[in-house]
Structures are given as structure tokens and as C-alpha cells.
Amino acid sequence: MKKTAVLAAGIALILSGTALAAEPVTLSDRIDRVDEVIYGSVQTGSLIGRLDNADNVIYGNGNTTASGLDDRIANLYTDVVKGSTDTAPSMSTRINAMEYYLTDEIKKGSLEKRVGELETKVYGQKRKGALDQRIADLEKAVYGDQHVEMRDVDLPANTVFKISLNDDVNSKVNKVGDPVTFTVQEDVKVGDVLVLPRGSQGSGQVTKVTRPKSFGRSGSLDISFDQVFSIDDEEIPTVLGPEAKDKLKMEAAAVGASAIGALALGPIGLVGGFFVKGKDVDLPAGTELYIQTQETVTTKGLVLTNGAPSETLRKHVSSTAVAGEKTESTKTAETSAAAASAETSAVKETEKTAQETVQNTNSNTKETAEKAATSAKDEPSASVVIVRND
């Protein structure tokens, strides 16, 4: 079903381990983030080798956007991970938006895979070539005379929404400090602006584990649901707070005996404690819970606006051309060398011509002498007169 209202999308990365909370600063950290979005994991090898591979995928084989490591990584990070302006979202953001537009859910996986799946859905088959051009073509096919832009929006504190656990969490297995990741299970809107679509990712950690004890004393498991991530890759702090617990209790009462109904919530507070009498706490992957925003935050949402998709392709430079660029001094030296080479060639050519002239002259002289000798043989013998001076 086509949506004509506002669209937004969540972070494209599948979080594993601790959350990526801070903006990456070093070149190495930034190319790691680029790798995670493009391929789904950090790649190995030299920085130049990884950059060449990423450039080939995003801009096409043999193409790049700059000559230095700093500029090349900056361009890739802006284009792939986090756009520099609201009117030019990153490729990750744009794919999130199209996935939501077409399927009502943000998918997981590498950018390469997700683009191929969208092409199969739209065109009937996966296409080849640079991802920047393929994404631009998809947008024109999907949106027609509309395009997506980002917009600042205030997400209020205590906004409650449903999540599901990505992995099993168990008081018998897990330890304090273990990461917990989760997926947003419903759209989070501010008015008509969709800030977190279903499929957005978040993370937290296990903060306390107590095994069951004698006399039926409960096992317990405390989890801090720390944050979800905005479309602009910014943290949105979250907690299992009072409003979320009330919502969870209401749903538990409505569904009766279930994964949620079997839980007895601990005291109202900012950290959630799940208590099950006499046995270990077991929360299988897919268990649905509620959490809430901890504070009001200004984040980014995507809006679908009128006007054909704007051209977002960055200027490409052949990597061989970049490698062949020379400094002025080098160019001057090469020009001088070329001139000297030309002068040397001219001298050699002159010498060759002179040598050929001498050779021709000698040849002619020899030929004349031979003719004269032949003629002398044909004439009568001449008298020889010897003059002697006393």
C-alpha cells in the first residue's frame, strides 16, 4: 500500500556487542563503520585495500572521489553512513526509507544485499553496477515525482513503544555486562512524523543476575534497555520505566498465560527487574516487552516531499587518473627530460645523416676508381721513364 504521508527510518546497522554510541573520529573507526553498513561486518586488510574495495562497490569499478585517505574516507562516510545535510540523506538512510515504504519494516543485513532485494521487488531481478547509481534509479522508480528528506523533530520523554529481544536471555547462562540487543516492533511517531519505524535497533546490557535459592526464593535478571538509535545515528536514551511497566502489566493481563504473563515485575523504577519464583528467568528471543524514552530528544525523521529525487551522485574520478597525478616540479622535470631526449634524438639523426653521406661518398669514389682501373686494362701499355738525379 502506497504511503503519501511522512516516512522515517531507523539505523541500518545490526548491533552486536556494545552499542556504537559515539561519533567515530579516527580514519580507522570511520572505515570500520562504512564496512559494517556496506558488507555487514568490518573487513580485514590495509586501509588502502579496503578503501579501494568500498569505492568499487559504491562508485563503480576503478572509480574514487578523491586522492588522499582522509578525503576518500570522509566522502564514503558521508555518502554511506551519515549524510551531511537534511536534503541529502545517506545511502543507508535512503534504503531504510524505501524498505519501510515498500514493506512497512526496516530489514537487517548488508547494504549490498538490501539493495539487491529491493531491486528484485521493484524490477523483478537484481541489477549490477555502482550502488550510488542503483539507489538513485530505485528512488526514481519507487517515489516518482517525490523524494525523501530529513527533518528535525522532538521525541517526547516517556514515549512508550514495543520491542522484542533479538537473542535468548537467561539467568542461568547470562552474566552481568552481557550485551542485550532488541528490535522496535511498532512505529514511533511524533504527530505525522514517523521517527522510529518497526525494525529499528536498540541495545542494553545485563546489570544483575541472581540464581534461584532454597525455600523457593526467586531467580532474578535485571536488564537495562539503554538506547535506540535515530535515523541520524544518534542515541535516544530509553528505560524500562513506570509507563512502560504499566503497559506491560496491562498487556500481560489481557493475554493471560504467556511469556509476558509469566513474569512478575519488580518495583517501579528506571531499571527493569524480572522475577520468577523458584526458577531461573528465561526470556527467549522474540519476547515482546515495552520500554520508553528517558528524556525529550531532538532527532531526525524522514519526510516524503514533492519533487523528483534530486541527483545525489558524487563526482567520480578514475583511480588510475588519481594515481597518475603529478606535482608541478615532476611535470617540469619530465618536460625537460622530454626536451633533452628530443634534442639527443635530433643530434643522433644528424650524425646518422652525415655518416650515410660519407658512406655514399666513399662508395662513389670506390666505384669511380674501379671503373678507371677497368679502363686502364683495355688501353696499350705505357712506357716507363725513370729520371735519376746525380
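Colleague: What makes the pair Arg-72 and Asp-55 a salt bridge?

Modeller: The closest N and O atoms of Arg-72 and Asp-55 are 2.7 Å apart. A salt bridge requires a side-chain nitrogen of Lys or Arg within 4 Å of a carboxyl oxygen of Asp or Glu, so the pair qualifies. Arg-72 lies in helix α3 (residues 69–81) and Asp-55 in helix α2, so the pair ties together parts that are 17 residues apart in sequence. This is a predicted model, in which local features need pLDDT of at least 70 and side-chain atom pairs count only at pLDDT 80 or more, while totals for chains, interfaces and linings use all residues. Residues are numbered from 1 along each chain as its sequence is written, and side-chain values use heavy atoms, leaving out hydrogens and water.

Colleague: Why is Asp-79 called buried, and Arg-314 partly exposed?

Modeller: Buried means under 20% relative accessible area, exposed over 50%, and partly exposed in between (1.4 Å probe, protein chains only). Asp-79 has 14% relative accessibility and therefore counts as buried, whereas Arg-314, at 28%, counts as partly exposed. These two residues also form a salt bridge, with their closest N and O atoms 2.8 Å apart.

How values were computed:
Helices (H or I, at least four residues) and strands (E, at least two) are DSSP runs, numbered from the N terminus.
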